[in-house]
Amino acid sequence: MKRFLLALLLAFAALAVRAQLTIDITTSGGRQIPIAILPFAGESSQAQPVSPVVGADLARTGLFRLVNTVGVSPLPAEPSEVNFVDWQARSSEALVIGKVEALPGGRVEVRFRLFDVQKQSQLASLSYVVTPAQLRATAHRIADVIYEKLTGDKGVFSTKITYVVKKGTRYELQVSDADGANAQTVLASNEPIISPAWSPDGGRIAYVSFDQKKPVVVVQNLAQGTTRVVAAYRGNNSAPTWSPDGASLVVTLTRDDISQLYRIPASGGEPRRLTTTPAIDTEASVSPDGRWIAFTSDRGGSPQIYRMPAEGGAAQRLTFEGTYNVRPRFSPDGKSIAFVQRESGRFRIAVLEIASGQVTVLTDGGLDDSPSFAPNGRMILYEAQANGRGQLAAVSSDGRVRQRLVSAAGDVRDPAWGPLPAQ
Amino acid sequence: MKKIVLSIAVACLLAACASQEAKKDVPVTDLTTGTPSATTPTTTGQGTASTTTPTTQAGITGNPLTDPKNILSKRSVYFDFDSNVVKDEFRPLVQAHAKYMVEKRDAKIRIEGNCDERGSREYNLALGQRRAEAVKKVMTVLGVQESRIETVSFGEEKPAAPGHDEAAWAKNRRGDIRYVGE
């Protein structure tokens with residue numbers, strides 16, 4: 001059991017001054033790749049240094065151990081200057097060097113190289129020409145490259161997350177970088193906001209607003225800042241989830257009956273009913289291939305997770321352990337489902353492997369809710385409760401690595417992890 | 001055959017309602033004095049507007065909906081954990097509102113279902129809806145038209161008590177009756 005406390009100095013990011021975020025990482029078992037990330041030559045003259053962000057990104061996954069680079073002098077900036085024997089002696093398996101250079105016209109060029117220390121070979125070398133304001137985003141892109149080279153999985157450091165912050169009686173829907181930096185409020189209200197869901201292209205967020213003194217489903221275009229109410233029928237309108245093509249939403253409506261599932265066009269329009277039961281059917285999640293809908297239903301007496309064809313039809317029950325299994329979310333590969341399970345009065349995040357029916361409980365909180373997979377399927381972001389306040393937490397899909405994103409901003413809830421940015 | 005059984009059930013419920021009302025002296029008289037006055041100031045149009053006027057007079061002809069001595073000022077029906085059964089202790093309250101609705105034909109209400117914080121937000125939203133529906137059902141059986149009652153849910157989003165223990169949770173598992181225009 002190793003424990004790190006990474007105090008991320010977000011003061012570097014001008015926008016995120018008030019979002020001071022501490023990420024508390026716990027890992028148990030498993031191997032960590034020792035990696036040395038050297039300060040990039042010339043980065044200290046920039047307002048936003050690059051290498052600390054790269055290091056923090058990689059360390060946060062729990063899959064890497066940052067090798068001490070103190071006392072290395074002079075700092076190598078070119079392959080010819082690297083003393084591989086020294087890095088072998090420090091038992092580092094990978095090494096990152098880089099350079100930040102100001103270009104005429106105010107832009108900067110960032111170059112980095114990733115080496116395999118044992119083989120003394122270069123694994124990656126890339127250069128980016130960006131504005132100084134893009135340096136932090138560039139650091140995330142570098143971390144994505146390193147992560148993919150060394151683990152084989154796509155990095156998710158350049159993704160966004162959204163969540164709701166409750167400050168007193170005020171609710172804010174915020175969007176931030178995956179590490180919590182650059183938090184921006186995209187919607188503020190004196191009424192609750194719940195269930196934000198990213199469109200597959202990351203350009204829109206569907207959520208449930210209580211501005212009309214009842215739950216209605218709204219789609220907000222992030223770039224334009226425009227909102228459109230897509231479902232405001234009699235009673236409740238809630239639990240939006242996107243189809244993989246972004247053209248439609250599956251929502252829960254009570255307009256004809258108690259909570260049932262409907263499909264509506266993402267731009268609004270006549271709902272088409274998908275379930276017809278005398279029970280609650282809600283919390284839909286559409287499989288990445290678009291063929292299935294997983295959802296919560298209490299048709300069998302207790303709330304359990306079911307799966308049915310995407311256009312409705314016979315449903316198959318997927319969970320059998322316990323009397324409370326809710327809020328399913330498909331993994332990006334469609335092979336498993338994260339959900340909330342109640343066990344002895346505690347609510348925890350669990351994952352179900354669909355083919356085998358195997359359930360693994362991943363967290364040990366008391367009131368864990370709203371699991372959301374990272375787009376590479378390796379981490380699950382969720383809402384945890386501590387001292388009566390919501391906070392964000394993440395757990396690796398194998399349960400080995402846990403992160404807690406402790407924010408001073410207030411009561412943080414209902415997170416959703418955005419898609420990979422378009423290449 | 002089924003119809004007969006049902007109508008007897010309704011009759012029994014109504015009878016129960018009447019006998020409850022008879023025991024409590026205040027509500028019935030307040031209601032009858034309140035109704036005619038509501039129809040007189042037609043200049044304001046809606047009857048709902050006039051129901052708020054008597055409050056200024058305080059005392060004999062107060063608004064029954066806000067008079068703390070009147071059962072109609074009580075609006076919350078509390079539920080057991082994981083349950084949407086309207087308990088016997090709250091039936092007089094629901095019955096009083098049903099009677100008021102039957103007499104005051106332009107009144108419309110919203111019943112707002114609520115849950116405690118445990119469990120998923122969206123499933124709680126659906127559960128809150130079911131609680132609101134349970135209260136509505138008692139009222140429709142007593143003769144209130146379905147079209148005059150909208151049921152919505154706030155799930156776990158609007159707790160009445162801020163705590164995180166059973167005492168707070170018990171206050172948060174509730175259905176609130178609100179008159180439209182109040």
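Predicted model: local features only at pLDDT ≥ 70, side-chain atom pairs only at ≥ 80, totals over all residues.

Colleague: How many residues of H5(B) are buried?

Modeller: Burial is judged by counting neighbours, with 20 or more other C-beta atoms within 10 Å as the cut-off. In H5(B), 18 of the 21 residues are buried, so that the helix is mostly covered. For chain B as a whole, 40% of its 182 residues count as buried.

Colleague: Why does B:Leu127 count as buried?

Modeller: B:Leu127, which lies in helix H5 of chain B, counts as buried because it has 29 C-beta neighbours inside 10 Å. B:Leu127 also illustrates how sequence distance and spatial distance may be read together: B:Ser83 is 44 residues away in sequence, yet the two C-alpha atoms are 8.8 Å apart. Over chain B, among contacts with a separation of 6 or more, 68% join residues 24 or more positions apart.

Colleague: At what angle do H4(B) and H5(B) cross, and how close do their axes come?

Modeller: A helix pair is described by the angle between the axes, their distance and the hand of the crossing. H4(B), residues 91-103, crosses H5(B) at roughly 55°, and the axes come within 9 Å. The two helices are therefore oblique to each other, and their crossing is right-handed.

Colleague: Which residues make that contact of H4(B) with H5(B)?

Modeller: H4(B) contributes B:Val94, B:His97, B:Ala98 and B:Met101, while H5(B) contributes B:Val135, B:Val138 and B:Met139. By class, six of these residues are nonpolar and one is polar, with no charged residues.

Colleague: How is the pair H1(A) and H3(A) arranged in chain A?

Modeller: H1(A), residues 51-60, packs against H3(A), residues 135-151, at an angle of about 45° with the axes 8 Å apart. H1(A) is therefore oblique to H3(A), and the crossing is right-handed. Among the residues that meet are A:Val53 and A:Leu58 in H1(A), and A:Ala139 and A:Ile142 in H3(A). The residues of this contact comprise eight nonpolar, one polar and two charged.

Colleague: How many residues does each chain give to the contact between chain A and chain B?

Modeller: An interface may be read by chain, then by element, then by residue class. Chain B gives 18 residues and chain A gives 30. On the side of chain B, helix H5 and strand S3 (149-155) are the elements that give two or more residues. H5(B) supplies the largest share, eight residues. By class, this side of chain B has four nonpolar, six polar and eight charged residues.

Note on methods: Residues numbered from 1 in each chain as written. Chains lettered and ligands numbered in written order. Buried ≥ 20, exposed ≤ 12 C-beta atoms within 10 Å, placed from the backbone. Contact = placed C-beta atoms within 7 Å. Helix = DSSP H or I, 4+ residues; strand = E, 2+ residues; numbered from the N terminus. Nonpolar A, V, L, I, M, F, W, Y, C, P; charged D, E, K, R; others polar. Axes fitted to C-alpha atoms, helices over the stretch in contact; angles between N-to-C directions. Parallel < 35°, antiparallel > 145°, perpendicular 65-115°, else oblique. Left-handed = near helix turned anticlockwise from the far one by under 90°.
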